[in-house]
Amino acid sequence: MGKKVTVVGAGFYGSTTAQRLAEYDVFDTVVITDIVEGKPAGLALDLNQSRAIEGFETKVVGATTGPNGEGYEAIEGSDVVVITAGLPRKPGMSRMDLLETNAKIVRQVSENVAKYAPNAVVIVVSNPLDEMTALAQLATQFPKNRVLGQAGMLDSARFTNFVAEALSVPVASVRTLTLGSHGDTMVPVPSKSTVNGKPLRDAMPAAQIEELVVKTRNGGAEVVALLKTGSAYYAPSAAAARMAKAVAEDSGAVMPVCAWVDGEYGISGVYLGVEAEIGAEGVKRVVETDLDADELASLKEAAEAVRAKQGDVASM
């Protein structure tokens, strides 16, 4: 039986994710759903008409869903479900400003995923990311390894891009890592970041690294402020699609994601940005990397900040 992936939400993020997943040509079917009547079907029709040009066979299916679970039968048997549903940020908003509104949406979506795709791996991208990932796990009641969030992939990509631009070197020559939360307590990890295999700290002064760390932390807000009518979707969709591909191919790729941490780094019982090995069952294992003392302290601080907020979502 062929692989099936569902993208919930047909906004810019969802539609771009669906496009990337279809063009990979590793799934038989990509389903895209939305509450706006006809929109997912229109996008599916358009994407299917690009197959002959881009040379992929994946079939794209659009389904309109309703508040009481109508239309969700289209996602039945999905191996992976990417949840992009929710409101995007507006200029001046923090990710946390979206908490209450998006919690209702993510809970409703997650309950329908549990009903129609009970064996799926769920990748959450709705903001505030760490809290919505925790909520999706509570609402689906799936094993924690099968619910993960997209954050560190995107934040690391932003950090990498800023370093490459600052040094005028190819992006491919730079490796960076960000852990912690997708927000104010993001923990970029300079000790694990390299340029042409050499430590980042040898390539630029500490003050400049710190500037780029702050720029990375504010990377999403900068895009929101410039767009004025939405949030980033090209880089975020690339990150979510790569995670879904790793699940489909059972690749074991190590990626920075929002995963359940239970003892690693001396931290337990919280969804947090860490490196993890990704495969058919979602998170195969959390990969601990050697952090310096400051980075580890920042990661523990991030864990406590998101733990408090994740406790709040249980009642939403």
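Modeller: Here is a walk through pockets, annotated sites, salt bridges and aromatic pairs. This is a predicted model, where local features need pLDDT of at least 70, side-chain atom pairs count only at pLDDT 80 or more, and totals for chains, interfaces and linings use all residues. Residues are numbered from 1 along each chain as its sequence is written, and side-chain values use heavy atoms, with hydrogens and water left out.

Biologist: What volume does the largest pocket have?

Modeller: About 850 Å³. A pocket here is an open set of points on a 1 Å grid over the protein atoms alone, where a 1.4 Å probe fits, with protein on both sides within 12 Å along at least five of seven lines. The volume is the space filled by probe spheres set on the points, and grid points are joined across faces, edges and corners.

Biologist: How many residues line the largest pocket, and which lie nearest its centre?

Modeller: The lining has 43 residues, with Thr84, Ala85, Gly86, Leu87 and Pro88 nearest the centre. Lining residues have an atom within 4 Å of a point. The elements giving two or more residues are helix 1 (12-24), strand 2 (29-34), helix 4 (99-116), helix 6 (152-167) and helix 9 (219-227). Helices (H or I, at least four residues) and strands (E, at least two) are DSSP runs, numbered from the N terminus.

Biologist: Which element gives the most to that lining?

Modeller: Helix 4, with 4 residues.

Biologist: And how do the lining residues of the largest pocket divide?

Modeller: Into 20 nonpolar, 18 polar and 5 charged. Ala, Val, Leu, Ile, Met, Phe, Trp, Tyr, Cys and Pro count as nonpolar, Asp, Glu, Lys and Arg as charged, and the others, Gly among them, as polar.

Biologist: Which residues does UniProt list for "binding site"?

Modeller: The unreviewed entry lists Arg89, Arg95, Asn127 and Arg158. The lining of the largest pocket includes Arg89, Arg95, Asn127 and Arg158. UniProt positions use the numbering here, feature names are shortened, and annotations may be inferred rather than shown by experiment.

Biologist: Is Asn127 buried or exposed?

Modeller: Buried, because its relative accessible area is 17%. Buried means under 20%, exposed over 50%, partly exposed in between (1.4 Å probe, protein chains only). Asn127 sits in the loop between strand 5 (121-124) and helix 5 (129-140).

Biologist: What does UniProt list for "active site"?

Modeller: His182, again from the unreviewed entry. His182 is in the loop between strand 8 (178-180) and strand 9 (186-188). With 8% relative accessibility, His182 counts as buried.

Biologist: New topic. How many salt bridges does the structure hold?

Modeller: There are 9. The rule is a side-chain nitrogen of Lys or Arg within 4 Å of a carboxyl oxygen of Asp or Glu. One joins Glu111 and Arg107, with the closest N and O atoms 3.8 Å apart. Both lie in helix 4, 4 residues apart, about one turn of the helix. Glu111 is partly exposed, at 42% relative accessibility.

Biologist: How many aromatic pairs?

Modeller: The count is 3. Rings of Phe, Tyr and Trp (its six-membered ring) pair if their centres lie within 6.5 Å; planes under 30 degrees apart count as stacked, over 60 as edge-to-face and the rest as tilted. The Trp260 and Tyr271 rings have centres 5.2 Å apart and planes at 70°, so this pair is edge-to-face. Trp260 lies in strand 12 and Tyr271 in strand 13 (residues 268-279), so the pair ties together parts 11 residues apart in sequence. Trp260 is partly exposed at 26%, whereas Tyr271 is buried at 1%.

Biologist: Which residues do ring pairs link into a cluster?

Modeller: Phe12, Tyr233 and Tyr234.
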